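Open the structure in your viewer and keep the selection tool at hand. The stops below say what to select next and what is there.

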Amino acid sequence: MMMSKGAFVFVLLGALTAYYVYSPIPNNIEERWKLMLADSFFRSLSQLAELSERMGLLNYMKVMMFITIAERVVPVSDDRVKVSDDNFDGVEVIVYQPTQQEETGELRRAIIYLHGGGWCLGSSRMGPYDLLARHMVTELNAVIVSVEYRLAPAYHFPAQFEDVYRVVKFIFRVDVLKGYHINPERIAVSGDSAGGNLAAAVAQQLQKDPEQHIQLKAQALLYPVLQALDLNTPSYQQNQHMPILPRTLMVRFWSEYFTSDKSFLRAMMANRHNNHESAALLKFVNWSSYLPDSYRRTYNYSAPPVVTGKSSVHSIGLHHLLADPRASPLLVPDTALRLLPKAYVLTCEYDVLRDDGLMYVTRLRNAGVDVTHEHYPGGFHGALMFTTWPTDFDIGHRMMENFVSWLKQNL
């Protein structure tokens with residue numbers, strides 16, 4: 001009898017665990033159960049963060065920072081890669097470079113890499129970013145500069161952009177290029193998710209800078225977030241409950257990037273946060289014009305409503321920020337895109353940000369920019385970060401190899 005009770009409890013606990021872990025993940029996503037397990041941890045942490053904030057204990061993002069802390073490593077030099085902490089114009093960076101100098105004296109490529117994390121989380125010192133940086137050094141004989149930009153909610157936009165832009169301009173200095181043996185004609189900027197947003201914004205800003213004589217050769221944007229005006233695109237609708245980055249979390253990232261005012265978060269959740277200034281730019285993110293037919297599917301376009309009168313958008317002074325292309329690189333006219341460097345854009349089918357990337361691909365190509373678009377039909381947001389134990393996914397390694405292969409051919 002005792003054995004049967006024990007067996008019943010075991011089966012019950014197993015059933016409850018399976019019920020909690022299971023989520024309806026599409027069949028064409030590889031290693032589905034592994035993703036379910038990873039997502040159950042993310043969901044648990046998110047629920048704990050929500051509870052903590054409601055009880056007035058810790059801010060939501062402070063709790064979510066556990067992900068960053070858990071994956072933190074200490075980047076150290078080895079026999080192939082020299083690693084050093086440095087400070088570029090007041091911004092902390094980690095520099096990875098080949099241990100051995102080429103006997104020919106040939107100058108090296110350089111990649112300025114910007115980590116993801118919704119401008120609120122993440123660090124260059126996380127294991128997957130350390131692995132990626134080392135891989136780029138050894139495969140490309142390149143100098144990698146990983147930027148530790150300031151994070152929200154302690155620092156809101158445009159602090160993150162300003163940090164990254166200062167680093168890029170610092171690297172372009174003649175003495176810095178010479179010191180790191182960098183070829184000024186072979187420099188790229190790259191980033192994933194929020195880092196892709198910053199990379200795209202930096203590439204655009206450099207074109208506008210009259211004092212800047214060195215330009216980037218390439219930009220590589222990995223499942224980037226590119227606009228804050230319409231948070232109800234087909235990919236936001238299709239993937240609103242997908243693992244790792246559900247719509248609620250992405251909207252929260254956007255809100256925290258701009259302000260900690262919860263009324264703005266509620267407005268963004270309802271997609272009712274646009275004002276007259278930002279509404280004039282909705283034409284640049286009209287997915288009915290810029291998404292290929294296969295991605296529109298059965299969705300009908302409806303322009304986000306424009307809030308008039310007194311609202312959270314106006315009361316906390318966000319009307320200018322929403323329309324700022326440094327926050328939303330999709331909001332520039334075609335004339336601002338024509339001189340941009342060649343681009344690599346990675347998108348994933350099961351990602352709320354998929355359509356941001358697809359629209360940017362269309363707009364860049366319409367402007368005459370050389371674009372390589374790599375779409376993963378079974379991909380999900382953040383997959384490039386799933387390359388180390390215990391969240392080691394085959395698709396993450398494929399993404400890394402394909403991305404580095406493109407750099408090898410185009411930088």
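**Stop 1: the annotated site**

Select Ser193, which is found in the loop between strand E5 (182-192) and helix H8 (194-208). Helices (H or I, at least four residues) and strands (E, at least two) are DSSP runs, numbered from the N terminus. The model is a predicted one, in which local features need pLDDT of at least 70 and side-chain atom pairs count only at pLDDT 80 or more, while totals for chains, interfaces and linings use all residues. Residues are numbered from 1 along each chain as its sequence is written, and side-chain values use heavy atoms, with hydrogens and water left out.

The phi angle of Ser193 is near 60 degrees, a positive value in a residue other than glycine. With 7% relative accessibility, Ser193 counts as buried. Buried means under 20% relative accessible area, exposed over 50%, and partly exposed in between (1.4 Å probe, protein chains only).

UniProt, in an unreviewed entry, places the feature "active site" at Ser193, Asp351 and His381. These three residues span 189 residues in sequence, yet no two of their C-alpha atoms are more than 10.5 Å apart, so they gather at one spot. Among them, Ser193 and His381 are included in the lining of the largest pocket. UniProt positions are given in the numbering used here, feature names are shortened, and annotations may be inferred rather than shown by experiment. A pocket is found on a 1 Å grid over the protein atoms alone, as an open set of points with protein on both sides within 12 Å along at least five of seven lines; lining residues have an atom within 4 Å of a point.

**Stop 2: Asp351 and His381**

Centre on Asp351, in the loop between strand E7 (342-350) and helix H17 (354-366). Asp351 is buried, with a relative accessible area of 2%. Which residues does Asp351 touch, not counting those up to four places away in sequence? They are Tyr223, Ser235, Asn239, Leu245 and His381, where contact means heavy atoms within 4.5 Å. A polar atom of the Asp351 side chain also lies 3.0 Å from the backbone nitrogen of Leu353.

Move to His381, in the loop between strand E8 (371-380) and strand E9 (387-388). His381 is buried as well, at a relative accessible area of 6%. Its side chain makes a polar contact (3.0 Å) with the side chain of Asp351. A polar contact is a pair of N or O atoms within 3.5 Å; within protein, one must be able to donate a hydrogen and the other to accept it, and residues adjacent in sequence count only if both atoms are side-chain atoms. Leaving aside neighbours within four places in sequence, His381 is in contact with residues including Ser193, Tyr223, Leu245 and Asp351.

Next, select Ser235 in helix H9 (residues 234-238). Ser235 is buried, with a relative accessible area of 0%. Apart from neighbours within four places in sequence, Ser235 is in contact with Asp351, Val352, Leu353, Arg354 and Asp355.

**Stop 3: aromatic rings**

Show the rings of Phe, Tyr and Trp. How many aromatic pairs does a search of the whole structure find? There are 20. Rings of Phe, Tyr and Trp (its six-membered ring) pair if their centres lie within 6.5 Å; planes under 30 degrees apart count as stacked, over 60 as edge-to-face and the rest as tilted.

Select Tyr113 and Tyr129: their ring centres are 6.0 Å apart and their planes stand at 50 degrees, so the pair is tilted. This pair links distant parts of the chain, with Tyr113 in strand E3 (residues 108-114) and Tyr129 in helix H5 (residues 127-140), 16 residues apart. Tyr113 and Tyr129 are buried.

Then select Trp119, Phe157, Trp254, Tyr257, Phe258 and Phe264, which form one aromatic cluster. Trp119 is in the loop between E3 and H5, and its phi is near 65 degrees, a positive value in a residue other than glycine. Phe157 is joined to Pro158 by a cis peptide bond, with omega about 10 degrees.

**Stop 4**

Finish at Trp389 and Pro390, joined by a cis peptide bond with omega about 5 degrees. Pro390 is found in the loop between E9 and strand E10 (391-392).

Terms used. On a 1 Å grid over the protein atoms alone, a cavity is a set of points where a 1.4 Å probe fits but cannot get out, and a pocket is an open set with protein on both sides within 12 Å along at least five of seven lines; lining residues have an atom within 4 Å of a point.
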